[in-house]
Every structure is written in C-alpha cells, then in structure tokens.
Number of protein chains: 2
Amino acid sequence: MENQLKQKNPMLFNPYNRAIPGHFYAVGVGPGSPDLVTLRAKRLIETAHVVLAPRSEISDESLALETVAEFLKPESQEILEHIYPMKRDPEATAKCWGEAAEIVKKAISEGKSVVQITIGDPLVYSTSSYLTEELIKKDVPPEYIHFVPGISAFQAGASLLKETLTLQEDRLTILPATDLQAVEEALESSETVVLYKAAKHLKKLADLLERKKLLDSAFLVCYAEQGEKERIFRDIKKAADENSGYMSTMFIRVSNKKWMTEKI
Amino acid sequence: MENQLKQKNPMLFNPYNRAIPGHFYAVGVGPGSPDLVTLRAKRLIETAHVVLAPRSEISDESLALETVAEFLKPESQEILEHIYPMKRDPEATAKCWGEAAEIVKKAISEGKSVVQITIGDPLVYSTSSYLTEELIKKDVPPEYIHFVPGISAFQAGASLLKETLTLQEDRLTILPATDLQAVEEALESSETVVLYKAAKHLKKLADLLERKKLLDSAFLVCYAEQGEKERIFRDIKKAADENSGYMSTMFIRVSNKKWMTEKI
C-alpha cells in the first residue's frame, strides 16, 4: 500500500517536503537566478520558521536573500541577516559563525525550523561549513543538521559558455585563483581547470596561460545568472584590461583524456 | 517601466520561462529525486513539445525520465527514449548521437521545442556533450542550443555525507576511478578528491587509500537521492566486500589548505 502511494506521489514521503520543527537546513540557492533554485530548496524556504541569510560586511544586500525573495513569507517568517567579515582571519571567522550558531541553536531548541540560505552549493566554498562546524561544537546533534545541494557558479558559467567540463576520463580541478603555483600544477594534471575569484589575478593568469599556450582555451564568466551584471569574456587579455568584478569564474579546457582501452 | 516590472516579477523577462519553438535545451535534472530538479528545468520540461530521454542499453528504464515523470504532459507532448551503447567505442558513440541529433534537428526545424533530459549536470560526464557536438556538426546554430545546469551526483553525495568539499584555498579534483595512477596523482595535489564510477575498483582503491593512510578520510555514496537504492559507506573496506552498484561516488578529504596570508 505504502509502495503504491509512493509511486503515485513520491513527494508525500519526502522528508524535505517541509522544514521540520527543531531542525536546521543549510540550503544552496544556486548562482542568483530565482529559477535555478531547486524545488526542495523552495519548499524548505517557504516552510521554515526562521530564514538566516548571510551578508558580507562589504555588501549592501544579501545576494542569497535577493535570489529567494519571491519564496519568503515575511508576514509569518523571521528573516535574519547575519553579517560576516571579509577577512582571511580564522579567529574573526570562528567568532562570527559562533554567534550565528548561538542564534540557530536557540531557535531550534525552541522548536523552530531554521534554514540558512547560501549562494551556490552549501559544501563548495560556502559559509555553511563554518556555521555547521560551530553548531557541532555547541553539541547540536548531526541528525538535526541537513544540507541541500545547489547549483554552483562553475555549473552556471559552463552552461552559459556551452562548454563541456568533463567527458570520458577527463579530470576537473576546481580551485581559487589566489595561488598561481597551484594553478599551474592544476593545468598540468587536469583536462579542465575552474578558477574561482579570478578577477583580481587576471593579468598574472593571462601571462601564465600565454606561456602554457592556453589563452585560446580559457574563458571568464562574471556574475553568472545575476541579471544585467552577467558578463562573458572569451578573450582573457581583454578581460584583464577591464574591471570584471568580484564574482568571476575562469574556465580552462586544457585537453580531452579519451577512454582507456579497458572495458567499463 | 520595464525595470520596475522586472523587479516585481523577474520571471516575466526570463528567457527560460518556457521552451521556445525551434530551440533545443540540454537540461540537467539532478541525481534522481524529483525535488532536486530546478524550477527552470521543471518549466522547460512542462512546456517542451518534445522530451528526449537517454537510456543506456543495459537499463530497463530511463532514470532521467523517472525523475521528471510528474512534470511530463504525455497527452500533449512527444516523449522519446533514445537508447545509447554502453561501450567505450568512439565510433559507436558518434553514430548513436548522430542519429539522435538528426531527430532533434528535424523537430526544431519543424518549429518544435526539444528538451533532452539528462541525469546530473549536462556538462559533467553527460551524454548531452555528444548530442550537442553532433548538432553543431549538422549546422544547428549555437544560439538555438541551450544548457540548463543540474545538481551533480557529487553534490548530492556530499550533502548526504554532510562533508565539506572545499573551503578557503582547497582544491577539488573530480575524476573517474578507472585510472589508478591518475587517482594517486589527484590525491597528492588536491585537498578533496571525488571519484566517479568507484564501485568496480573498490578493492584497488582501498589498497591505495590504506597505503596513503587515507582510509579514514574516504566515504562512498551509492545511488545518492535514488530512493531505497541509496547507500552510504563510511568504511571502504567493508564497501569493497559488498556489491555496491554502478552509480557510486567516492569522496576523499585529504586535508585542508588554509588561507594564504595575502589579502582577499
């Protein structure tokens, strides 16, 4: 009987159909376009008692909050912004997310459901990792903590570029562009390299790519799926001459590693 | 005026609000759970004239088709299954997808909209890359070809495991488990390694991980978000003793590369 019902409507038995009181959800909301939110994320946001939105101290608005604006229920929901430092300082980071964890722990112990919304995916360079680490430190049981995957910026960028990331035996390496030595290593051992935070390092990256004869295989996408701010560059040298902005992802398609002869 | 309307309802101006006649969309539908489909994918599937579902010759059913079953409109839509070979044979692959491209080209030239649904993301180890390559060869203009990103198996698996993939300066490498030498290289140059198609190589992988003292940092997720088939292993040696199935992803968290001292 249950199986028949399940087949008719699998959603009825889905634990993510609504946010459960006393539970915490780190929910990826994708790159910025509201329609790249998953149905699971939408439902959890709509049904949560508390929605926690991270906002960096250098931003006027939370991009995650803008992305899900149409799913919020401000008349019945608590919507909290949590401002976090844009410093590469482990102590300041732990302090900030420790405070957020305190708020979350209080809410769930009062029987509220809490959703933290986060741009992209909650386990790929996301503040959700800091927050959930602090929740665990505060003895929130892991079974009350959930993650909902979201479309990451590199996926949105590849779709805009219409460029294959991996096929057959290809290796894909994703890393921040900050360490040029690590970037060079990645280019030598991967068929595709994706660089986050590329904008601040464009001139050095263009030099490296020219030296490796990869300038024609590199693309830059800025603010993918963020409306009018979105830009695509197929000429990295040209991109380096402009100010292409903070949220930028570089794609380098080094080669294609064909199938090995062995069977699947 | 347009800007005001846009703010009120950004969807009104969204080119992905519905499948446009004469256009082709390669649409990622996520790992298998219907609620991990994005709103964009759902709308395109609901409004397409033709839905093309790939099915491997060794499967009885198309997993992509099962995933989106509740969004299909069989009374008004053409739903086509396209069977593809499970061989590592470039010629057979090109022939198969050349035939599918012929069907797609005919449909869009008749003014129909066509959505190819694909499990995961259409640009990460997906048949969509073969199909769109053949469409380009058949002179379908790139502006009539679109990609919609989807949640990839590695994201679904990480969310189930509740394991951070990347933070700070971490490097993530994704590759198939088929080439053990490539796996060992990836372990040496990445903080996190994700291996697709791990199930058939578990004993060798367990030996490698033991030698690298990484057995305790490795996890296996099989059939993530595919209902009752889903399994999580936190003991790779135990997983190697069982038959864990074709759709399996291994996660190895090697270390954490902290922030460099330089500013953001």
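Modeller: Helices and strands are DSSP runs, numbered from the N terminus; a helix needs at least four residues and a strand at least two. In this predicted model, chain A has 9 helices and 10 strands.

Biologist: What does the C-alpha trace of chain A span along its principal axes?

Modeller: The spans are about 60 × 50 × 35 Å. Chain A has 264 residues, and buried residues make up 58% of them. Contacts within the chain can also be sorted by sequence distance. Among those in chain A between residues at least 6 apart in sequence, 71% join residues at least 24 apart.

Biologist: Which pLDDT values should I consult before reading details of chain A?

Modeller: The general idea is that, where pLDDT is low, the predicted coordinates should not be read in detail. For chain A the mean pLDDT is 91, and 92% of its residues reach 70 or more. Over residues 1-6 of chain A, however, the pLDDT is below 50, and this stretch has 5 contacts in the model beyond near neighbours in sequence. For the model there are two further scores, ipTM 0.93 and pTM 0.93.

Biologist: What rotation superposes chain A on chain B?

Modeller: A rotation of 180 degrees does so, with 0.0 Å of shift along its axis and an RMSD of 0.0 Å. The two copies are therefore related as by a two-fold rotation axis. The interface agrees with this reading: 100% of the interface residues of chain A are also interface residues in chain B, so the copies meet through the same surface.

Biologist: Which strands pair with strand β6 of chain B, and in what sense?

Modeller: One partner lies in the other chain. Strand β6 (residues 172-176) of chain A and β6 of chain B pair in the antiparallel sense over 3 bridges. Within this pairing, A:Leu172 has B:Ile174 as its bridge partner. Another partner is strand β7 (residues 192-196) of chain B, which runs parallel to β6 of chain B and is joined to it by 5 bridges. Here B:Ile174 has B:Val194 as its bridge partner.

Biologist: Are the residues of β6 in chain B buried or exposed?

Modeller: A residue counts as buried when its relative accessible area is under 20%. In β6 of chain B, 5 of the 5 residues are buried. B:Leu172, B:Ile174 and B:Pro176 point one way from the strand, while B:Thr173 and B:Leu175 point the other way.

Biologist: Which residues is B:Thr93 in contact with, leaving aside its neighbours within four places in sequence?

Modeller: They are A:Trp259, B:Lys87 and B:Tyr130. B:Thr93 is found in helix α4 (residues 90-109) of chain B and counts as buried, because its relative accessibility is 6%.

Biologist: What covers the buried residues of helix α2 in chain A?

Modeller: The buried residues of this helix (residues 39-47) include A:Leu39, A:Arg40, A:Ala41, A:Leu44 and A:Ile45. Their cover includes β1, β2, β4 and β5 of chain A, together with α2 of chain B.

Biologist: How many disulfides does a search of the whole structure find?

Modeller: A disulfide is a covalent bond between the sulfur atoms of two cysteines. The search finds 0 disulfides over all chains. Among the cysteines, A:Cys222 is buried, with a relative accessible area of 0%, and B:Cys96 is buried, with a relative accessible area of 6%.

Methods. Residues numbered from 1 in each chain as written. Chains lettered and ligands numbered in written order. Predicted model: local features only at pLDDT ≥ 70, side-chain atom pairs only at ≥ 80, totals over all residues. Heavy atoms only, no water. Buried < 20%, exposed > 50% of the residue type's maximum accessible area, 1.4 Å probe, protein only. Pairing = 2+ DSSP bridges. Disulfide = S-S within 2.5 Å. pLDDT = per-residue confidence, 0-100. Contact = heavy atoms within 4.5 Å. Least-squares fit on C-alpha atoms with pLDDT ≥ 70 in both.
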